[in-house]
Amino acid sequence: MASIEIPKSLLPADGRFGSGPSRIRDAQLDALAATGRTLLGTSHRAAPVRDLVADLQAGLAELYRLPEGYEVVLGLGGASVFWDTAAAALVEHRSQHVVIGEFSRKFARAASAPWLAAPDLREAEIGHGAACVPTEGVDLYGWPHNETSTGVQLPVTRVPADGALSVVDGTSAAGGTDVDPSQLDVYYFSPQKNMGSEGGLWVALMSPAAIERAERIAATDRFIPQALSLDGAIRNSRKHQTINTPAIATLFLLDQQVHWLLGNGGLPWADARTRETSDLVYDWAERDPRLAPFVSDPALRSQVVATVDLDERIPAAAVTDALRANGIVDVNGYRKLGRNQLRIGTFVAVPPEDVRQLLRSIDYVLDRLTD
Ligand SMILES: *Cc1c(COP(=O)(O)O)cnc(C)c1O
């Protein structure tokens with residue numbers, strides 16, 4: 001097939017629309033380069049890096065309007081390692097998990113540990129939502145704010161169960177979708193999605209009840225691998241450090257993004273912007289008979305990861321290959337879902353005009369492929 005050349009006038013200024021790692025703004029990279037010899041290549045136990053971490057923690061506390069007693073805890077390995085950390089050091093006896101896609105399933109798998117009772121799963125078909133249900137004997141309820149593999153966004157409302165923790169995976173939602181932290185005990189995320197940084201770090205906003213739980217379990221005789229010590233992460237975070245050596249660039253880029261968000265109006269601003277950009281995608285998909293939003297319930301459609309099904313006669317790979325040849329990358333669906341689908345990251349770093357141009361570019365490709 002002859003290659004498709006999208007006219008320059010239709011192309012977005014930046015072609016990165018992935019759902020993670022996602023675009024990092026030029027201003028962040030310029031700021032990183034401007035640190036020269038003062039930050040990268042220096043000790044993470046010395047003032048320049050610890051001051052950076054302290055600034056990041058204060059910025060996140062402000063961005064999330066954290067209630068009294070909540071702490072910003074940092075650890076290495078991303079959200080995936082936070083799951084293992086939670087299984088090792090936060091679940092007391094038994095957890096319950098909403099399982100609505102690949103990421104929420106991975107947390108449930110991590111909690112299927114021999115020292116815990118088998119987790120209680122609340123599953124739904126992909127593309128649909130599910131909710132935790134207060135259950136006797138469950139001491140931790142876990143669900144994703146945004147299931148990145150399917151583009152389903154769930155409400156964040158505390159599970160009314162005395163003494164149990166509400167633990168929310170905010171990985172792709174954090175920094176783009178507003179949330180009330182008093183409705184949860186742990187909001188954890190990796191920073192390479194909406195937070196526009198690099199991978200390898202996890203951040204957890206923790207309530208006093210969650211901190212107390214971690215400290216209590218650490219004081220028992222349960223064996224907790226050192227790298228998965230949540231108590232250790234809490235103690236290090238209070239000193240603006242991590243248990244082992246972090247990627248300083250990741251911390252710096254994240255701090256830049258947090259301050260950019262604060263300067264623009266914080267989470268309410270970010271939330272309005274991702275609502276606008278994701279609505280552009282969903283409205284477009286609803287208008288075109290070749291397309292359909294994958295998530296049928298509009299109330300569950302993600303603001304930050306918009307999934308769109310394509311007519312079976314148009315292979316998604318032909319569309320994404322043509323886009324990639326024109327510099328528009330990473331709009332393929334989540335591989336393991338195996339659907340004929342596009343998945344568009346409408347993270348806060350993606351301006352509405354870029355989304356409009358992306359949709360014009362996709363229209364151009366679809367018209368050529370369906371001629
Ligand atoms: C990407 C993602 C993860 C995994 O993050 P890693 O940094 O790769 O561990 C977990 N949960 C959600 C919702 C995600 O989008």
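## Ligand shell and cavities

Helix α3 (residues 78–89) gives the largest share of the shell around the ligand, four residues; helices here are DSSP runs of H or I with at least four residues, strands are runs of E with at least two, and both are numbered from the N terminus. The model is a predicted one, where local features need pLDDT of at least 70, side-chain atom pairs count only at pLDDT 80 or more, and totals for chains, interfaces and linings use all residues. Residues are numbered from 1 along each chain as its sequence is written, and side-chain values use heavy atoms, with hydrogens and water left out.

In total, 13 residues surround the ligand, counting those with a heavy atom within 4 Å of it. Ser80, Thr148, Asp169, Ser190 and Lys193 are the closest. By class, the shell has three nonpolar, eight polar and two charged residues; Ala, Val, Leu, Ile, Met, Phe, Trp, Tyr, Cys and Pro count as nonpolar, Asp, Glu, Lys and Arg as charged, and the others, Gly among them, as polar.

Here are some polar contacts (N or O pairs within 3.5 Å):

| Side chain | Ligand atom | Distance |
|---|---|---|
| Serine 80 | oxygen | 2.6 Å |
| Aspartate 169 | nitrogen | 2.6 Å |
| Serine 190 | oxygen | 2.7 Å |

Asp169 turns up again in the lining of the largest cavity, along with residues including His97, Phe103 and Trp143. A cavity is a set of points on a 1 Å grid over the protein atoms alone where a 1.4 Å probe fits but cannot get out, and lining residues have an atom within 4 Å of a point. That lining has six nonpolar, three polar and one charged residues.

Conventions. Polar contact = N/O pair within 3.5 Å; in protein donor to acceptor, adjacent residues only side chain to side chain. 1 Å grid on protein atoms, 1.4 Å probe; cavity = no way out; pocket = protein on both sides within 12 Å on 5 of 7 lines; lining within 4 Å.
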